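Colleague: Please take one part of this model and describe it closely, and show how it is placed within the rest of the chain. Kindly begin with the confidence of the model.

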Amino acid sequence: MSPTLFVLLIFVSLLIRCNGEITQLVHDPDMEGLHQSWKCRAHCTLTPSHDAHTGKTSLLVTNRGSINDGLSQSVNLTPNGRYNFTFYVKLLNLTTGNMYDMVQATLACSNANHIKFGQERYTRLNHWTKVGGVAHAPADTSGCFIRVQVSDIHADHVIDDVSLVAVPNITDWRAEANERIESIRKSNITIRLTGAEPNANYEIELYQTKHEFAFGSAISATQFIDPAYSHYQHAFYENFEWAVLENDLKWQQMERRQGHIHSTEAMATLKSLNASGIKVRGHNVFWGVDLHTPTWVTTLSQHDLQVAMDNRINNVVAMARNYVRHWDVNNENLHGDFYEQRTRDPNITMKMFSSVHKVDPNALLFLNDFGIMENNVAQSLRNQAMLFKSAGVPIHGIGIQSHLHKMDLDITAMKARLDTVAEAGLPIWITELSVETTNQTVRASVLRDVMTLYFSHPAIKGILLWGFWNGRIYNTTAALFEGPNVQPNAAGLMYQELFKTTWRTNVTLPVHGNGDVTVRGFQGVYKVTVKKSDKELTNQYVSVIDDKAIVLDISGLSAPAIVG
Ligand SMILES: *[C@@H]1O[C@H](CO)[C@@H](O)[C@H](O)[C@H]1NC(C)=O
Ligand SMILES: *[C@@H]1O[C@H](CO)[C@@H](O)[C@H](O)[C@H]1NC(C)=O
Ligand SMILES: *[C@@H]1O[C@H](CO)[C@@H](O)[C@H](O)[C@H]1NC(C)=O
Ligand SMILES: *[C@@H]1O[C@H](CO)[C@@H](O)[C@H](O)[C@H]1NC(C)=O
Ligand SMILES: *[C@@H]1O[C@H](CO)[C@@H](O)[C@H](O)[C@H]1NC(C)=O
Ligand SMILES: *[C@@H]1O[C@H](CO)[C@@H](O)[C@H](O)[C@H]1NC(C)=O
Ligand SMILES: *[C@@H]1O[C@H](CO)[C@@H](O)[C@H](O)[C@H]1NC(C)=O
Ligand SMILES: *[C@@H]1O[C@H](CO)[C@@H](O)[C@H](O)[C@H]1NC(C)=O
Ligand SMILES: *[C@@H]1O[C@H](CO)[C@@H](O)[C@H](O)[C@H]1NC(C)=O
């Protein structure tokens, strides 16, 4: 074979492989070519740079005049198509006073609003940062170009490894999800009898009393300890195994006036949940969105703010120690940087994690944010979690709120966003699930679908609803239970079907003599009962989180004689 033919063959086979897998829709994606396809949208200067993320070169962007100026490339996209647009950026300098900067991955087209694929609020100096994500092209894709938008117009930056690829539909997401559920949420449980009568027939009943996966809801402390709301409390205990106080532990609610700490209802509720065996998430120590900061805190000097923050941690975290298993440390940090700005410390949230950990070393500490499942901050949440991990911060989990407003679920995009967050290698919890729609039939089917997706994702360890009863919920169009008797509506019945039946194991199997049975059942706590002729001989509670073999000795136990 001639060398030319050989090279050609390799080239053709590479081309075929590219088509079979992922086709890049941008030219010169790794900035190693002649760079002719890359343009400055409006005003800026592009120069090849050896400061590369991979390979030999990247592109340096300088001399910008506005936020709309920057690196861009024209692209041909399918109307409404689903795409994944990402790049790596490194800021080389920042206007004095900026600790970090917002960088966005956007698509601009002639006849449509800009579409945002990703945003990174905390892009730091001299640090390669991945920005982007999955979004849909508009209905009219004429004159489209992708664009890198850096908010600080004086921040020179280098860009490398751009990627724009189509994200095809998952063919049968439900079948795939159910396969994953079968494989990750269940274990093999073997029960063997000893001491049995050799020729007798027995029955072994396995009834799952608790789930290993967390199913829970937000509640209100005020109603939870008020005897007038006994139906509300009863419905909670019937349907959930985890709780989170919706508002009662928030700084704004607990300390409206500095030094006047109100915790009566919250503590009473935490104690009664504990006594009933309900596990609790703590929400939240801080909430860095200006609107949700206590008013008196917003007027403090930098020094007094630091003191107030230390007091807050020493107070609420110590108070709730032994009662909460998790803390959301600085709620919605991707959407609010009150504490970073006021302390002038870009690492203040990491320091909060360390301080909370000192006061309660047993609590698992979480980031908790919104805009992940329907919008464009999945990549940013992943970046933050990975930065915290690599800095040695005690971070143990990632909370995805999941308030859903769009009822035509894009499961493919949602799964892609979960996978992106899961790259951080931390457990994910769905912390505030809500399905907001007035149509209860739609609410029920959307709830079923998202819960199926979440329950099937290997990184996800729990799902907590953001309230369940229309008498006590932030928006009644998300309720699962209604009226004075707290009865399930269509969405509540759907939830109960999943929680009580579809994802719970309850089987009875025959055993002959000292035989055994194996059941593949959902992980959790089981009551195992041995019966003979319908009469209970013995029972035992066992916890199943992995494959498990249990030997039950029934020697000396016999059912009462059957008369007749
Ligand atoms: C960054 O450096 C460039 C070149 O030295 C300069 O033109 C630009 O003004 C600097 N930007 C800031 C924010 O200092
Ligand atoms: C992908 O799924 C959406 C919604 O289910 C559907 O409208 C669209 O036609 C599908 N696209 C392809 C290429 O199958
Ligand atoms: C568990 O059970 C499944 C199905 O019943 C079976 O295919 C699998 O081999 C079992 N695994 C072990 C480790 O026994
Ligand atoms: C209740 O509190 C005790 C300690 O006071 C703790 O050991 C136990 O785990 C708590 N129960 C639950 C369900 O969190
Ligand atoms: C913030 O933390 C990062 C990661 O540990 C570190 O590289 C950086 O120097 C810190 N920045 C400041 C201003 O302390
Ligand atoms: C999007 O593209 C980036 C860069 O190739 C890749 O790392 C990421 O996994 C992709 N995400 C999805 C959801 O396809
Ligand atoms: C409640 O949800 C509905 C959608 O079902 C929405 O139209 C309405 O604005 C929401 N109300 C509030 C107060 O957020
Ligand atoms: C609710 O949605 C279902 C399914 O889309 C539809 O058939 C029904 O007409 C809707 N009900 C109302 C009251 O809009
Ligand atoms: C378990 O299943 C049996 C039928 O197989 C049913 O009679 C019983 O009510 C179930 N138990 C519970 C608590 O659902």
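Modeller: Residues 6–20 call for caution, as pLDDT stays under 50 over this stretch. The model has 3 contacts beyond four places in sequence for residues 6–20. This is a predicted model, and the chain as a whole averages a pLDDT of 95. A score of at least 70 is reached by 95% of the residues.

The domain assignment divides the chain into domain 1 (25–166), domain 2 (184–207 + 504–553) and domain 3 (215–449 + 461–489). Between the C-alpha centres of domain 1 and domain 2 there are 59 Å. From the UniProt record, an unreviewed entry, comes the feature "domain: GH10", listed for residues 219–498.

Helix α12 spans residues 411–422 and helix α13 spans residues 440–456. Their axes are 11 Å apart, and the two helices pack at an angle of about 35°. The crossing in which α12 passes α13 is right-handed. On the α12 side, the contact is made by Ile-411, Met-414, Lys-415 and Leu-418; α13 contributes Asp-449, Val-450, Leu-453 and Tyr-454. Sorted by class, this contact of α12 with α13 has 6 nonpolar and 2 charged residues, with no polar ones.

Two details of the backbone complete the account. One concerns strand β15 (residues 279–287), where Asn-284 has its place. His-283 and Asn-284 are joined by a cis peptide bond, with omega about -10°. The other concerns Asp-161, in strand β10 (residues 157–166). Asp-161 is not a glycine, yet its phi is positive, at about 50°.

Conventions
Residues are numbered from 1 along each chain as its sequence is written. Chains are lettered from A and ligands numbered from 1 in the order in which they are written. This is a predicted model: local features need pLDDT of at least 70, side-chain atom pairs count only at pLDDT 80 or more; totals for chains, interfaces and linings use all residues. Side-chain values use heavy atoms; hydrogens and water are left out. pLDDT is the predictor's confidence in each residue, from 0 to 100. Contact means heavy atoms within 4.5 Å. Axes are lines fitted to C-alpha atoms, for helices over the stretch in contact, and angles run from 0 to 180 degrees between N-to-C directions. Helices (H or I, at least four residues) and strands (E, at least two) are DSSP runs, numbered from the N terminus. A crossing is left-handed if the near helix is turned anticlockwise from the far one by less than a right angle, and right-handed if clockwise. Ala, Val, Leu, Ile, Met, Phe, Trp, Tyr, Cys and Pro count as nonpolar, Asp, Glu, Lys and Arg as charged, and the others, Gly among them, as polar. Domain bounds come from an automatic or database domain assignment. UniProt positions are given in the numbering used here, feature names are shortened, and annotations may be inferred rather than shown by experiment.
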